[in-house]
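Subject: Structure to look through

Hello,

Here is the structure I promised to hand over. Please open it and keep it on screen while you read.

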Amino acid sequence: MKPAPFEYCRADTLDEALELMAEFGAEASVLAGGMSLGPMLNMRLARPVAVVDINPVAALAGIREADGGVETGALCRQVDALGCGLLRDAVPLLAEALPFVGHFQTRNRGTLGGSVCHADPSAEIPLALLTLGGEIALRRKDRARTVPAEDFFEGIFVTAREPEEIVTALRWPRCGKGAGHAFAEIAQRHGDFAIAAVAASASVSARGAVTALSLGLGGVEDRPRLADLADFAGAPATPATAAEAAALAADRVDPIEDPKASAAYRRQLVRVLGARALERALERAAAPPC
């Protein structure tokens with residue numbers, strides 16, 4: 001199929017992009033990498049009046065240190081993030097998740113900001129951002145704001161982004177001393193959408209006790225979710241604790257069901273993958289700092 005007719009608008013600066021979004025509002029789609037928007041246009045699942053191409057906007061690219069963490073521009077390509085030493089050292093969970101994102105060819109064009117805006121429940125980048133407690137920076141013509149990842153994802157392909165807004169950057173907390181992370185997923189083939197994905201983050205004290213524990217779940221519900229594991233603070237950083245935490249997360253999840261997997265299968269994946277990821281995260285947290 002071919003896309004329905006639309007007006008192509010190239011923005012060379014951020015101000016131009018914001019002017020276009022103010023003009024077209026909800027009738028505009030933003031073109032970054034186009035790895036999701038392109039197929040949606042071709043299948044006519046998306047029928048915007050205008051497509052605003054922000055690729056020429058240099059201010060939206062790049063990776064930089066900011067406020068004790070790392071900021072990735074909305075146009076940061078996935079391949080550039082994968083090869084960035086700063087991200088490998090400061091945000092190891094993202095570095096571990098990126099090889100699961102699509103394929104080599106798509107990572108050359110796909111962007112971090114585009115993945116977060118698309119809000120596919122199975123997507124790895126939104127899951128990593130949520131698990132780490134990251135933030136999304138948004139701009140419109142008359143204001144800027146920052147939204148925590150936990151409040152940004154509202155459903156399948158639905159976010160808190162307002163029609164006139166553009167995501168300008170993602171903000172990732174830096175991995176601290178005594179912290180460890182791990183990522184795992186199951187898909188029909190490598191690069192396919194995850195049937196279930198888990199992202200684990202843990203902090204361990206010098207005495208070997210859990211001080212913080214997070215388990216993000218992707219592909220399981222209608223949006224990436226965080227399991228509530230606050231009760232495990234003070235527990236020993238052991239495989240038994242990891243298994244118990246994953247079992248609790250599996251019991252509390254409300255899995256979707258589709259032709260790929262039943263709800264019961266997804267629940268079991270949370271239990272098994274969650275235990276593996278949490279165990280690795282606890283081991284890494286107890287090891288020398290990243």
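One caution before the details. This is a predicted model.

**The four-stranded sheet**

Start with the sheet made of β11, β12, β13 and β14, in that order. It is open, and its strands pair antiparallel. Ignoring direction, neighbouring strands are turned by 20 degrees against each other on average. Helix α8 (residues 124–132) packs on this sheet. It touches β11, β12, β13 (210–218) and β14, and its direction makes about 25 degrees with that of β12.

Look at one pair of strands here. Eight bridges join β11 to β12 (residues 196–204). Within that pairing, Ala184 has Val198 of β12 as its bridge partner.

**The five-stranded sheet**

Now find the other open sheet. Its five strands come in the order β4-β5-β10-β6-β7, again with antiparallel pairing. Which strands stand at the edges? They are β4 (63–66) and β7 (143–148). Each has a single partner strand, so one side of each is left without a neighbour in the sheet. The twist averages 25 degrees from one strand to the next.

β6 and β7 are joined by six bridges. Arg139 stands opposite Ala144 in β7.

Two helices lie across β6 and β10. Helix α1 (residues 14–24) runs at about 120 degrees to β10. Helix α8 runs at about 55 degrees to β10.

**The cores**

In soluble globular proteins, nonpolar side chains tend to be buried together. The largest nonpolar core in this model has 36 residues. Ile136, Phe152 and Trp172 touch the most other members. Several elements give two or more residues to this core, including α4 (85–90), α7 (112–118), β6 (135–140) and β10 (166–173). Which element gives the largest share? It is α8, with six residues.

Click on Trp172 next. Beyond its neighbours within four places in sequence, Trp172 is in contact with several residues, among them Gly69, Val70, Val91 and Leu94. Its contacts also include Ile125, Ala128, Leu129 and Leu132.

A second, separate core holds 32 residues, including Val220, Ala246, Leu269 and Ala275.

**Helix α11**

Helix α11 (residues 263–286) has 24 residues. At 1.5 Å a residue they should span 34 Å, and the end C-alpha atoms are 34 Å apart, which agrees. Its buried residues include Arg266, Leu269, Val270, Leu273, Gly274, Ala277 and Leu278. What covers the buried residues of α11? The cover includes β11, β12, β13 and α10 (239–252).

An α-helix has 3.6 residues a turn, so residues three or four places apart point the same way.

Is Ala97 buried or exposed? Ala97 is buried, with a relative accessible area of 2%. It lies in helix α5 (residues 92–97). Leaving aside neighbours within four places in sequence, Ala97 is in contact with Glu124 and Phe183. The C-alpha atoms of Ala97 and Leu127 are separated by 9.0 Å, though these residues are 30 residues apart along the chain.

Best wishes

Note on methods:
Residues numbered from 1 in each chain as written. Predicted model: local features only at pLDDT ≥ 70, side-chain atom pairs only at ≥ 80, totals over all residues. Heavy atoms only, no water. Pairing = 2+ DSSP bridges. Axes fitted to C-alpha atoms, helices over the stretch in contact; angles between N-to-C directions. Contact = heavy atoms within 4.5 Å. Buried < 20%, exposed > 50% of the residue type's maximum accessible area, 1.4 Å probe, protein only. Core = buried A, V, L, I, M, F, W, Y, C linked by side-chain atoms within 4.5 Å. Expected span 1.5 Å × (residues − 1).
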